[in-house]
Structure formats: C-alpha cells, structure tokens
Protein chains: 2
Amino acid sequence: MTAFQQITIVGTGLLGGSIGLGLKAANVPARIIGVGRRTESVERARELGCVDQATTDLAKATADSQLVILATPLSAFPDRLEELARCTQPESIITDVGSAKQQVCDFASQCLPNPGRFVGSHPMAGSEHHGPQHARADLFTHRPCVITPTPETDPQAIDMVETLWTILGMHVMSMSPLEHDRKVAHVSHLPHAAAVLLVGLAARTNSLDIASSGFIDTTRVASGDPRVWLDIFQTNRQAVIEGIEQMIDEMKSLHNILQHGRRDELLEMLETTKAVRDRLVDAQQHEQARGNT
Amino acid sequence: MTAFQQITIVGTGLLGGSIGLGLKAANVPARIIGVGRRTESVERARELGCVDQATTDLAKATADSQLVILATPLSAFPDRLEELARCTQPESIITDVGSAKQQVCDFASQCLPNPGRFVGSHPMAGSEHHGPQHARADLFTHRPCVITPTPETDPQAIDMVETLWTILGMHVMSMSPLEHDRKVAHVSHLPHAAAVLLVGLAARTNSLDIASSGFIDTTRVASGDPRVWLDIFQTNRQAVIEGIEQMIDEMKSLHNILQHGRRDELLEMLETTKAVRDRLVDAQQHEQARGNT
C-alpha cells in the first residue's frame, strides 16, 4: 500500500465512506479523495472524516491517484467507467465494489484504455442502511471479499487490490466473474428474492398479524434499498434466473416429499441442512475469534 | 387466574419451562406441577425453578389441576391426549402449545371426554435452542399467541386460557384452527422451508465460501431442531403444501419479470415489500415500547 500516495473513492455512501474510514483507521499514509455527483453528499462524507478532500470533478480527483475505487450504485457504473476511461492515467489501478461481476468486468474490459489495470471486487459487507452517516471503519472486518481478475488482468494490479481489502480486514478470495455471479446468486440474491416473495405472500394472505421473530429475521434483507436491489437483480440477471429455476425444483421436490409423507427423507434433509448451517456459523465465529486475537 | 389452585405442565422443555418461570414471575399463586417422560429431565426443570413439583405420573399430576398445558413436541400429542382422556377430571381445562392446530383440535375433540374444555393455543415464541436450561420468564412477553376455539368450546375455558397467555405478557388473538394453520404456514413454516432449501442449494453449488451476514440471518431458522420441524411439517402438512404451491407461483412470476426485463414492475415489487416489512417492524417495536411503559 506504500505505493499509493493518493486514492480516489468514487461514491461516498455506506461502502465508499467505510473504505475511507477503514483506510484511515489502518493508518494508510495516502491522501483520500472522495468524488460525488452532488457537492452536499460528498462534503458530508468529508465532514464525517471518511475522506480528506471532497469534489464533484472526477478528472481532477483521479489525475494523481494510483488507485480508483468505484463505490457508486451499480446503475451508475457504465457512465462512471466511461468517464474514467477518458480521464484516468493509464497506469492507475481501478477496482469497484459491485455485487455482480460479469457485466461489470465485460464493460470495463471494453471501455477502459488499459483493461489490465481493472480488477473487479466484491467486498461482501453492508447493511440495510445507506449513506456515509452509517459508514464504519470496521464494516469490512472479517468479511469475505471476492476479487475477479481475468486472464488479461495485470498481476501487479491484482496484488495491489488484494492488499487494499486485506488492509481493511477482509478475507480475500479470487475467482472468475462468472463463478462469483453464480455463487453470490445463491448466498445473497436468491435469499433476497425469497425474502421479498415471502413478505409479499404473507401480506396478500393476511398472515402478518401473527408474524413473530422468525419471520422478522428471515425477511430482514427485504428492507434493503429497492433501487440498489433493482440494480443487483438486473446486473446479475442471468445467474438469478438460473438460481430461481433451481429453487423452484427444490420446492417441487419438498412438495413431493410432503405429499407422499416421506418422513425419513424429510428428517434427513432437515438434519443435513442444520449440520451444514451450524458448521458455517462455527467457521465464521472461529474466523472472527482468530481475527480478534 | 385466581380460579387455579394447581396447574400442570406436561413437557418441561424450553416452552413448558418458560411457562412455569413466567407464571412464577407474575406471582400467580398456583402450585405448578411438571410432568416428563424421564425423571432426570423433569427434575432438571424443577431444580431450575420452572415448576414446584416434578413427576412422571400424569394421572397423579393432573388429578387436582384445574388447568393442564400440553407442552411436549407435537409427535407426543396423540399419546398424551389419550392418557389425559383417561385421567383428567372432566372439568379440567386443557390447552397446548402446538405450532399446528387443525389436526390437534380434531384429535382432542375426538378423544377427550369433555372436548368443550379443550382450547387450542399457539404461543408464537421460541428459539433455535431447546431444553429447560434455555427457559426464560419473559420468553412470551410482547409476542402473539393464537387461540383456536371451535363452536363446541366452552366460553369459560376460552376466557381462562386467554387469561393464562395474557398473564405471560402475550398479545392474544382468536381464529379458527384452519385459519391459524394457513397463516402460520405463511409466516413460519414456509419461511422455514425456504431457509432449509436455500442452505441445501448453496451447499450443493459450493457457494458457502462467500456466505456473509445476510445469508446467516436469512437462514437462522434452519438451525432449528430437525425433529421438532419434522413434526411441524407433518402436522401442518396440507397448509404447507398449499403454501409451497403459492411460493412456486411467486417464483415463476419473478422469473418472468426478470426474463422480460420488466424493470418498473420489479422496482414496484421491491418498494411495496420494503414498505410492508418496515411497517411490520415499526408496529412490533411500537407494541414492545407500549408494553414496557
């Protein structure tokens, strides 16, 4: 990270703001520039200590930066990447925080003058809140981060982006954009879709008057920002569609088990699933405990 | 509640134990008898202060009780109801804590000598833990409780059972067993099924290495006791089957929206759902705040 004298964060909401706070908390000696569409919002992030300097001028903000982090909503990515293609130095490394990677990496590869310096990232942290006022220096700590280099990506750029997320306390994994999109559809986008549909169905059947803590937990993600999720579903459309098809098959199979009273098979399904989830929770707690020592 | 000199709790696990602790915390002046299959488990509940007296003899435990609360797993209900039919006084009021009501109420109506004194109950509280060591006096506080009287139920019995749950801090609602079963399928059993299927699918697609907090929350219920959930799915089989069919239709409809890129419709779905869930959370927080003043 010593190679970076200046880092630009484009989009200073929950994620961008938390990256700034995290870098400062880790004493990274780089100057951090925040870029926003509106002066007030990026100034707010500066006042909150997320960035050292606030501007709406992308060209100025990136002229001397060795690293540019795209942290806007996904829907702003195409415009911002086209602007970056015009104004960043060819040697600048560019990464992002988008929740879907194939479309983003394809677009970056097509529009950037030096696509080898772009490394797709998906730091898997966040909350149902948004805005720099919710930013936290430890938002990323002990969380997984997927980076999605392609065969054309410059190994030095990969190293630097991996270093960035490691400094923020993340557990970095590398995989292809397509593999990322399929996995994230299963652990995030499909569970989100299920939560949305469960809330809708419970409302339409007038069942919410008896909803209790289990329902509240299971559907927490459905309180996420609708525009953020609209972007995600559109950007990872293909993998989500495939995930929904698989989930429909799963539901048909459970329907069949119940219809025919296949008790042993149902018990085995419940036991196996509990074991898998309990192991996952244990592993994450172990990871956190290890990180805290 | 002054009419009760003695109350018997059959099954002294998390729910039965918490009923005992809650009644004591509310200073209900009744003697509380706990009944278990095994001496050690019911003695454990007594040592923990959940009940005043522990026994494995159902006939002795219920001979002088005005109220009997069936709090075993659902699978033990038929045997226990048949035993109760043989040994309780005709005037004793019997209620239960089962998560599905049609089958239970039908069975009680057929086997009890005085079915008018049986009132089905579903106190909607619990956790993924079990056993009296996890029992809490406030487990039921501010939670919904559904009672499911039928046209043959004695109004005095309804009053007394409603009083029981009100003393424990619950918000009591009354509906038919069938209406209960359909609603609870939507707010509890179907979300549980979805969580189980999502964990299974994520495991089979090797996606769990990037699972983060959203996945952990959405699938929390899948760590519940497999045998308890086996019983629930079997006892509320018909309503769960219908719920799965509705959920499959919902998923097909979302699939269609994504396939044809109907952006406005997707945004409206996400916005409506968020509004519904946010209102539900607000209402529950308001209810709790009101209860605490």
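**View 1. Residues in contact between helices H4 and H5 of chain B.** In this predicted model, the H4(B) residues Phe77(B), Pro78(B), Leu81(B), Glu82(B) and Ala85(B) meet Val104(B), Phe107(B), Ala108(B) and Cys111(B) of H5(B). Sorted by class, the residues in this contact of H4(B) with H5(B) are 8 nonpolar, no polar and 1 charged.

**View 2. The axes of H4(B) and H5(B).** Two packed helices are described by the angle between their axes and by the distance between those axes. Here helix H4, residues 77-87 of chain B, packs with helix H5, residues 102-111 of chain B, at an angle of about 25°, and the two axes are 10 Å apart. Because angles under 35 degrees count as roughly parallel, H4(B) and H5(B) are described as roughly parallel to each other. The crossing in which H4(B) passes H5(B) is right-handed.

**View 3. The axes of helix H7 in chain A and helix H7 in chain B.** The axis of H7 of chain A, residues 177-204, and the axis of H7 of chain B, residues 177-204, come within 11 Å and cross at roughly 165°. That angle makes H7(A) roughly antiparallel to H7(B), and H7(A) passes H7(B) in a right-handed crossing.

**View 4. Residues in contact between H7(A) and H7(B).** From H7(A), the residues His186(A), Val187(A), Leu190(A), Pro191(A), Ala194(A), Leu198(A), Leu201(A) and Ala202(A) meet His186(B), Val187(B), Leu190(B), Pro191(B), Ala194(B), Leu198(B), Leu201(B) and Ala202(B) of H7(B). By class, this contact of H7(A) with H7(B) has 14 nonpolar and 2 polar residues, and no charged residues.

Key. Residues are numbered from 1 along each chain as its sequence is written. Chains are lettered from A and ligands numbered from 1 in the order in which they are written. This is a predicted model: local features need pLDDT of at least 70, side-chain atom pairs count only at pLDDT 80 or more; totals for chains, interfaces and linings use all residues. Side-chain values use heavy atoms; hydrogens and water are left out. Axes are lines fitted to C-alpha atoms, for helices over the stretch in contact, and angles run from 0 to 180 degrees between N-to-C directions. Helices (H or I, at least four residues) and strands (E, at least two) are DSSP runs, numbered from the N terminus. Angles under 35 degrees count as roughly parallel, over 145 as roughly antiparallel, 65 to 115 as roughly perpendicular and the rest as oblique. A crossing is left-handed if the near helix is turned anticlockwise from the far one by less than a right angle, and right-handed if clockwise. Contact means heavy atoms within 4.5 Å. Ala, Val, Leu, Ile, Met, Phe, Trp, Tyr, Cys and Pro count as nonpolar, Asp, Glu, Lys and Arg as charged, and the others, Gly among them, as polar.
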